[in-house]
Amino acid sequence: MQRFFDIFFSGVAIVVLSPLLIPIIVILKFTGEGKVFFSQSRVGKGGKPFSLLKFATMLENSPNIGTGTVTLKDDPRVLPFGKFLRKSKLNELPQLINILLGDMSVVGPRPQTQRCFDAFLPAAQAAIVSVRPGLTGIGSIVFRDEESIIGQRNDSTAFYDSVLMPYKGQLEQWYVAHENVTNYLLLIACTAWVVIFPRSGVVWKIFKYLPPPPDGLNGML
C-alpha cells in the first residue's frame, strides 16, 4: 500500500510542480557553477548505496572542503540561489525521481552519507536500513533547522556526532517501529504544515510519544 502511495504522490507531484521545476533548472544552469543536479551516494535499504538527487546548491567540491558532508548555517560553500532552495527545501524535489525508481519512499528515515550514517548507534543503523529512506520523515521534521542548531556550537562536529545524530537515530527508530499508512499520511501533512509555518511545534502535538530530546538539545527543537 505504501509503495502505491509513493508512486502516486511522486508522479502527481512531478506533474503539478513542473511549472516550478523548469524555472529552477534554467536559473541553476545560468548561475553559480552552471550545474543543475547534485548526485551523492547515500545509504539505502539493506545498507546498499544509491545515488540521491538534489538540485545543486553548493560548490561542486563541497564534500572535500571545510566540514565535509556536515552543512552549517551561513555555510560559505552554499551558492546564492542555493540558499533559497535549501531554506524552502525545494532542493530536495529531484528525489521524486528516486521515489519513482524505488530507491526511496515519500516518508522514511532520511538517507545519510556513509560518514553520517556511521554516527548513528548500532541499533538505529539496523532499524534504518530495514526500510526505504524517505524524502521526509520524523527526523527531517524535528531537525528541519539542523544547520542553525549545529551553527550555535563551537564544537559543531563533536556535537553532531555525540548528541544530534544519536537522538536523530532514536527518532528514526521510533518511525520504523510505528510505520503504518496512518503515520505515513500524518507525516506528509505535518511536513506541508511546517514548510508553511517553520516554527510550528505541531509534530510534538501529533506524535506525543516521541523519544524525549537529550539535555544537549533542550530548547533547540
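1. Let me start with a charged pair: the side chains of R153 and D155 meet in a salt bridge, 3.1 Å from N to O. A salt bridge here is a side-chain nitrogen of Lys or Arg within 4 Å of a carboxyl oxygen of Asp or Glu. R153 is partly exposed at a relative accessible area of 30%, and D155 is partly exposed as well, at 35%. For these labels, buried means under 20% relative accessible area, exposed means over 50%, and partly exposed lies in between (1.4 Å probe, protein chains only).

2. A word on the source: this is a predicted model, in which local features need pLDDT of at least 70 and side-chain atom pairs count only at pLDDT 80 or more, while totals for chains, interfaces and linings use all residues. Residues are numbered from 1 along each chain as its sequence is written, and side-chain values use heavy atoms, with hydrogens and water left out.

3. Back to the charges. By the salt-bridge rule the count comes to six. One of them joins E92 to K54, whose closest N and O atoms are 3.6 Å apart. This pair links distant parts of the chain, 38 residues apart: E92 sits in the loop between α2 (80-88) and α3 (95-101), and K54 in strand β2. Helices (H or I, at least four residues) and strands (E, at least two) are DSSP runs, numbered from the N terminus. Both E92 and K54 are buried. Salt bridges that share partners also bring in R110, joining K54, E92 and R110 into one network.

4. Another salt bridge is formed by the side chains of R86 and E147, at 2.6 Å from N to O. Here too distant parts of the chain are linked: R86 belongs to helix α2 and E147 to helix α7 (residues 146-151), 61 residues apart. R86 counts as buried because its relative accessibility is 15%, whereas E147, at 26%, counts as partly exposed.

5. Now the strands. β1 (residues 37-43) and β2 (residues 49-55) pair in the antiparallel sense over seven bridges; two strands pair if DSSP finds at least two bridges between them. Q40 has L52 in β2 as its bridge partner. The two strands form a hairpin with five residues between them, and G46 in the turn has a positive phi of about 75°.

6. F37 is worth a look while you are there. This residue lies in strand β1 and is partly exposed, with a relative accessible area of 36%. F37 and K54 are 17 residues apart in sequence and 5.7 Å apart in space, C-alpha to C-alpha. Not counting residues up to four places away in sequence, F37 touches I25, K54, F55, A56 and P94, where contact means heavy atoms within 4.5 Å.

7. Helix α1 (residues 2-29) deserves a comment. Its end C-alpha atoms span only 35 Å, while a straight helix of 28 residues would span 40 Å at 1.5 Å a residue; the expected span is 1.5 Å times one less than the number of residues. α1 bends by about 65° at S18, and a proline, P19, follows within four residues. The bend is the angle between axes fitted to the seven residues ending at a residue and the seven starting there. Buried residues of α1 include F5, A13, L21 and L28.

8. Finally, the cysteines. The disulfide count is zero, a disulfide being a pair of cysteine sulfur atoms within 2.5 Å. C116 is buried at a relative accessible area of 3%, and C190 is buried at 2%.
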